[in-house]
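Thanks for making time, everyone. I'd like to walk you through one protein chain today, going from single residues out to the whole fold. Have a look at the picture first.

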Amino acid sequence: MVADISFSIESPQGVRTLSVAYQRNGSGEPLLLLHGIGHHWQAWEPVIRILAAERDVIAVDLPGFGVSPPLPDGVPYDLATVGSVLGALCAALGIGRPHVAGNSLGGLLALELGRAGLVRSVTALSPAGFWNERERIFAYGTLKALRAGARSMPLPVIEGLSRSAAGRTALTGAVYARPARRSSESVVAETLALRAATGFDETLAAGRDVLFADDIPDVPVTIAWGARDRLLLRRQGIRAKRAIPGARLVRLPGCGHVPMSDDPALVARVVLDGSSV
C-alpha cells in the first residue's frame with residue numbers, strides 16, 4: 001500500500017510543510033529508492049521484491065512526481081534543496097542514514113545525498129549530471145518530446161498503443177532496451193505519470209547548469225550504466241568515475257536508461273552489493 005508522510009522543511013519563506021508518497025516493503029537495513037524525471041516509484045517495482053528480501057525498502061514519489069504533491073510555492077527544485085527535502089524525509093520516516101539507490105535524476109539526487117553525508121552508501125544507475133552540453137541538450141530534447149507526446153495523446157490512444165509490442169516501444173523505447181517486455185498496465189501508468197508530473201518543467205530548468213564534479217570520499221559509491229542507454233550515453237560513466245575515483249563502475253549489459261525492468265536480477269544484485277557496507 002502507498003502511504004503519505006508530511007513533514008516540515010526550512011525555506012527562504014520560513015518553515016514549510018510538504019507531503020511525499022512512498023511504498024515500503026521488507027526488513028533489514030533501510031534502502032531509499034529514487035526514480036528519474038517524469039517517472040514514479042513504480043519504476044523500481046521489478047526489483048522491489050528481490051530487494052525487500054534483504055532490505056527495508058522505501059520507494060518514494062519525488063515531490064511533483066507520481067502522486068506526491070509539488071514542492072510548496074517558492075521552494076525551488078534545485079539539487080541542494082531537493083537533497084535537503086529527502087534528508088528531512090528520512091528523518092521523518094525515522095530511518096537515519098539509509099542506503100540510497102537512484103536512477104537518472106534519482107541517481108544524481110542519490111549522489112547529492114552522499115556528498116552531504118546523509119546516507120550510508122550510494123548506488124547511482126545512469127545518473128544525470130555527467131553530460132557535456134551537447135549531450136545535455138540531446139537528453140533534454142528527448143525528454144521534452146516524450147512529455148509532449150504523453151500530453152498530446154488521449155487516454156484511449158495510449159491504452160491502444162500499450163496493447164502491442166510496437167506500441168509499447170513507441171511509448172517507452174527511448175528509456176528501455178526491452179520495452180516490449182513491459183506490461184500494458186505499466187506502460188499506461190508511466191505515460192500518465194509523465195503527462196501529469198507537476199515538477200517536470202521546474203526540475204528540467206533547475207538542472208540546466210548542473211555538473212556533478214565533487215568527490216564523495218567518505219561514502220561507498222557504485223555507478224552503474226546500461227550498455228544500451230540511449231538517453232545518457234554510457235561514456236558519461238567514465239566521467240563519473242573520474243569525478244569520484246573511489247566509485248565502483250559497473251556495466252549493465254543489455255540494459256537501457258531505466259535498467260530495473262530490462263534486467264531486474266542484475267540490477268537488484270548491483271544494488272544489494274552496493275549497499276552491503
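Let's begin with His 40: is this residue buried or exposed? His 40 counts as buried because its relative accessibility is 7%, where buried means under 20% relative accessible area, exposed over 50%, and partly exposed in between, using a 1.4 Å probe and protein chains only. Before I go on, please keep in mind that this is a predicted model, where local features need pLDDT of at least 70, side-chain atom pairs count only at pLDDT 80 or more, and totals for chains, interfaces and linings use all residues. Residues are numbered from 1 along each chain as its sequence is written, and side-chain values use heavy atoms, with hydrogens and water left out.

Back to His 40, then. You'll find His 40 in the loop between strand E3 (29-34) and helix H1 (45-52); helices (H or I, at least four residues) and strands (E, at least two) are DSSP runs, numbered from the N terminus. Which residues touch it? Setting aside neighbours within four places in sequence, His 40 is in contact with His 35, Asp 61, Gly 66, Ala 189, Glu 190 and Ala 193, contact meaning heavy atoms within 4.5 Å. Ala 59 sits 19 residues from His 40 in sequence, with 9.0 Å between their C-alpha atoms.

Now for two serines. Ser 104 is not a glycine, yet has a positive phi of about 60°. Its place is the loop between strand E5 (99-103) and helix H3 (105-115), and Ser 104 counts as buried because its relative accessibility is 8%. Ser 126 also has a positive phi, of about 45°, without being a glycine. This serine is in the loop between strand E6 (121-125) and helix H4 (133-152), and its 1% relative accessibility is why Ser 126 counts as buried.

For contrast, look at Pro 156 in helix H5 (residues 155-162). Pro 156 has a relative accessible area of 58%, so this proline is exposed. Its C-alpha atom is separated by 29 Å from that of Asp 263, which is 107 residues away along the chain.

On to the inside. In soluble globular proteins, nonpolar side chains tend to be buried together. Here, the largest nonpolar core has 59 residues, and Phe 7, Leu 34, Val 60, Leu 111, Val 122 and Ile 244 have the most contacts inside it. A nonpolar core is a set of buried Ala, Val, Leu, Ile, Met, Phe, Trp, Tyr and Cys residues joined through side-chain atoms within 4.5 Å. Helix H2 (residues 79-93) gives this core its largest share, 8 residues. Apart from it lies another core of 26 residues, including Val 47, Ile 48, Val 57 and Tyr 176. As for Leu 34, its contacts beyond four places in sequence include Trp 44, Val 60, Leu 86 and Leu 113.

Finally, let's step back to the whole chain. The protein chain has 11 helices and 8 strands, and buried residues make up 56% of its 277 residues. Its C-alpha atoms fill a box of roughly 45 × 40 × 40 Å, taken along the principal axes. Of the contacts between residues at least 6 apart in sequence, 70% join residues at least 24 apart.

That's my tour, and I'm happy to take questions.
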